[in-house]
Amino acid sequence: MTSVTMGHRAAALCCVAATTFALTACGQDDAPAAANSNGLEATQIRITNPANISNVPLHIALDEGYFADEGLQVQADIDLGAGSTVEAVIGNQVDMAWVNLGGALQPFSEGIDLRLVQISDHGKPGGMEVLVKKDSPAQDLTDLVGKTLAVLSPSTTCVWLVKKALLDAGKPVDSITMTEVSPPDHPVVLESGNVDATCTTDPTRTVMTSEFGARPIFDAATDGDPELRSYPVGGYVVSGEFADRNPKTLAAFQRALTKASTYANSHPDEVRAKLSTFTTADPEIAEKVVINEYVETSDMGSLSQEVQRVAEVMVETGVLREMPDINGFVFEGDGTDGS
């Protein structure tokens, strides 16, 4: 996979920001947001997020009125088409985006001013697996050396976990060729033989194992880095400017989301039912998927250590070129409880 240099990426994002400003300036109100009873700097948050298990609490918070209780109007599921989520945040097309943790750390390490507002969930056994065809001779990850693995993106969770596992097995980090393939296409590229394996998450993982007979040879939660067996999957990011200007708004978002996450962890049946309403998973597949452990705290400071460990593994495996300042990356709120 090719990488984007810091200079090229920063230049591209600046162009996006400038273009977006030119297109949207006429529709923006430069006056301060109207006062509200919750004391928030802004009451509206526009979010782009994939239709995945990680975002079920977001939909619960919307449907149950948790955001509204905090004085927030949240617009989720904004479709960017083929656009980059990070570029959309920096360019003000949206205020917030859900991104896998590696996908947020990489641009931040390249100088893009992002803040991680909330980690959404932690992986559980079976939730992310390297899959091969049922008649494949491969029995473990080392059997894929010299072969091709389909992944979501160059910095996605599976990439650095697989590379770390290869290192731990005494193999070069680049001994498996990784190619970017959208998860819905994983069944096709595996069955056709275009790739030798896929690294796939639910609900697509369940479709592949139950309907196509795909077989796992690596589990991210049980075979990955021992310090990251309950790995942080992803979370919600905003621009540094948005975070600096709206700390109370983001703290309110954290409170509503963690309330929904707590509810989701204790109501797995409702999570499965919700999943089939905003993803392509039908109810039969939703009944079989692995539900991640949703994060029930908005104290991001307490989660900094695992973010630090992810960054260390990404540097060790060459996904990141240098160690980023995690303290500058993690948003820790305004210190209020909203009362």
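Modeller: Before we start, helix axes here are lines fitted to C-alpha atoms over the stretch in contact. And keep in mind that this is a predicted model.

Biologist: Got it. So how do helix α6 and helix α13 pack, and at what angle?

Modeller: Helix α6 (residues 157-168) packs against helix α13 (residues 304-316) at about 60 degrees, and their axes are 9 Å apart.

Biologist: Why is α6 called oblique to α13?

Modeller: Angles under 35 degrees count as roughly parallel, and roughly perpendicular runs from 65 to 115. The angle here is about 60 degrees, so α6 is oblique to α13. The crossing is left-handed, too.

Biologist: Which residues make the contact?

Modeller: From α6, Trp160, Lys164 and Leu167; from α13, Arg309, Val310, Val313, Met314 and Glu316. Sorted by class, that's five nonpolar, three charged and no polar residues.

Biologist: What makes cysteine 158 and cysteine 199 a disulfide?

Modeller: The cut-off is sulfur atoms within 2.5 Å. Theirs are 1.8 Å apart, so the pair counts as a disulfide. A search of the whole structure finds one disulfide.

Biologist: Where in the chain do the two cysteines sit?

Modeller: Cysteine 158 is in helix α6 and cysteine 199 is in strand β8 (residues 197-201), 41 residues apart, so the pair links distant parts of the chain.

Biologist: Why is that disulfide called right-handed?

Modeller: Because the torsion about its S-S bond is about 110 degrees.

Biologist: And how do you know whether cysteine 158 and cysteine 199 are buried or exposed?

Modeller: Buried means under 20% relative accessible area. Cysteine 158 has 3%, so it's buried; cysteine 199 has 8%, so cysteine 199 is buried as well.

Methods. Residues numbered from 1 in each chain as written. Predicted model: local features only at pLDDT ≥ 70, side-chain atom pairs only at ≥ 80, totals over all residues. Heavy atoms only, no water. Axes fitted to C-alpha atoms, helices over the stretch in contact; angles between N-to-C directions. Helix = DSSP H or I, 4+ residues; strand = E, 2+ residues; numbered from the N terminus. Parallel < 35°, antiparallel > 145°, perpendicular 65-115°, else oblique. Left-handed = near helix turned anticlockwise from the far one by under 90°. Contact = heavy atoms within 4.5 Å. Nonpolar A, V, L, I, M, F, W, Y, C, P; charged D, E, K, R; others polar. Buried < 20%, exposed > 50% of the residue type's maximum accessible area, 1.4 Å probe, protein only.
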